[in-house]
Every structure is written in C-alpha cells, then in structure tokens.
Amino acid sequence: MKKEELYQVGAIIKTHGLKGEVKVFPMTDDVSRFKGMKDIILDTGKELLHLEVESARPQKNIVILKFKGIDNINDVEGYIRCGLFVTRENRVPLEENEYFIADLIGCRCVTDEGEDIGAISDVITTGANDVYIISEPGRKDILLPAIKDCVLNVDIENQKVDVHLLKGLRE
C-alpha cells in the first residue's frame, strides 16, 4: 500500500497515562468518527503499521486512543508526532453533495461558459461555507464560495467541477 492512497485523520501529539494510550489531534471535522474506527495505519516515518483501535474517547478538542496489544507507555512514546491514516474504504460515508477536501484538490474548474479557469489548490473552511481556492499559473487565485449559486456540479471521478463565477469574483 502506498502512502498516496491513504487519508490522514489525525496525528499523535503525546502519550496519555501509563497504559499505552495516546492523545491524538484529529484532522477531521467529525471527532466521533474515531469511536467506530477499528483499523488505522500509523506512519512511523520508516514504515506503515496497521493497528487496531481498542478504544477511543473525545476529550475537548483531542481524542484519546488505545491500540489493541499496546499496553505500556514505553510502547507508544516513539509514535509521538506520527500521522494516523485510513484507507479510502475506511473513510466516513458522506452525505449527498459532500466531498473530501483531498478529493477536491486538483479538480479542474470550468465555468458555465466553458472556460477552464484553473484547479482547486486548497479549501478554506469557514463557519458559513467552504471556499475553494482556484489556482492557475500566471493568474491571480480565485476564491470561490462553495455554494449552490457558484458550484454547479462536482465530478470527482473525472476531476472536474462546473462553476458559475458571480460578478466580482475575478477582481
């Protein structure tokens, strides 16, 4: 399995207690997803370790994880600052018109007039709606609000997003 086929869901920030638990900074908007998680992949920097989640509990803005078969603080100290990943099959299911940011990055954006205006290079998450940053070499980035008036169709399989540019978005 290649690391490019994995999706990061968190990073271990420190140990917790003496029985092998770790504190994880979640990189997902749904912290409760860790509760139902069974399999997780730890990137040590040298290898990818497949681990089984024994327990998970949210604590403020982090998650306390316990891996099956790891029962001592000494066994997890080396994993601090390591990333936690899942496979495509183990990602959380999405609702209609929801997309993973990782799947949106690189999608070409084409206006309703047929003009290719660039690719999504990043997504800004705001309180009201996401904002897609559309980049093209030699052009100023376009900040496109991810609202129905602007995002007409998303085709992840073909890496294409049909968009409508509201007046003023290009300036």
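Which side chain of opposite charge is nearest to Lys23, a residue that is buried yet has no salt bridge? It is Glu21, 9.5 Å away, where buried means under 20% relative accessible area (exposed being over 50% and partly exposed in between, with a 1.4 Å probe and protein chains only), and a salt bridge is a side-chain nitrogen of Lys or Arg within 4 Å of a carboxyl oxygen of Asp or Glu. For opposite charge, Lys and Arg count as positive and Asp and Glu as negative, while His and the chain ends are not counted.

This is a predicted model, in which local features need pLDDT of at least 70 and side-chain atom pairs count only at pLDDT 80 or more, whereas totals for chains, interfaces and linings use all residues. Residues are numbered from 1 along each chain as its sequence is written, and side-chain values use heavy atoms, with hydrogens and water left out.

The protein has two helices and 12 strands, taken as DSSP runs (helices H or I, at least four residues; strands E, at least two) numbered from the N terminus. Buried residues make up 40% of its 171 residues.

Lys23 is placed in strand 2, and, leaving aside neighbours within four places in sequence, its contacts include Ile12, Ile13, Gln59 and Val63, a contact being heavy atoms within 4.5 Å. Phe25 also has its place in strand 2, which covers residues 21-26, and Phe25 is partly exposed, with a relative accessible area of 40%.

Asp43 lies in strand 3, residues 39-43, and counts as buried at 13% relative accessibility. A polar atom of the Asp43 side chain lies 2.9 Å from the backbone nitrogen of Gly45.

Technical notes
Polar contact = N/O pair within 3.5 Å; in protein donor to acceptor, adjacent residues only side chain to side chain.
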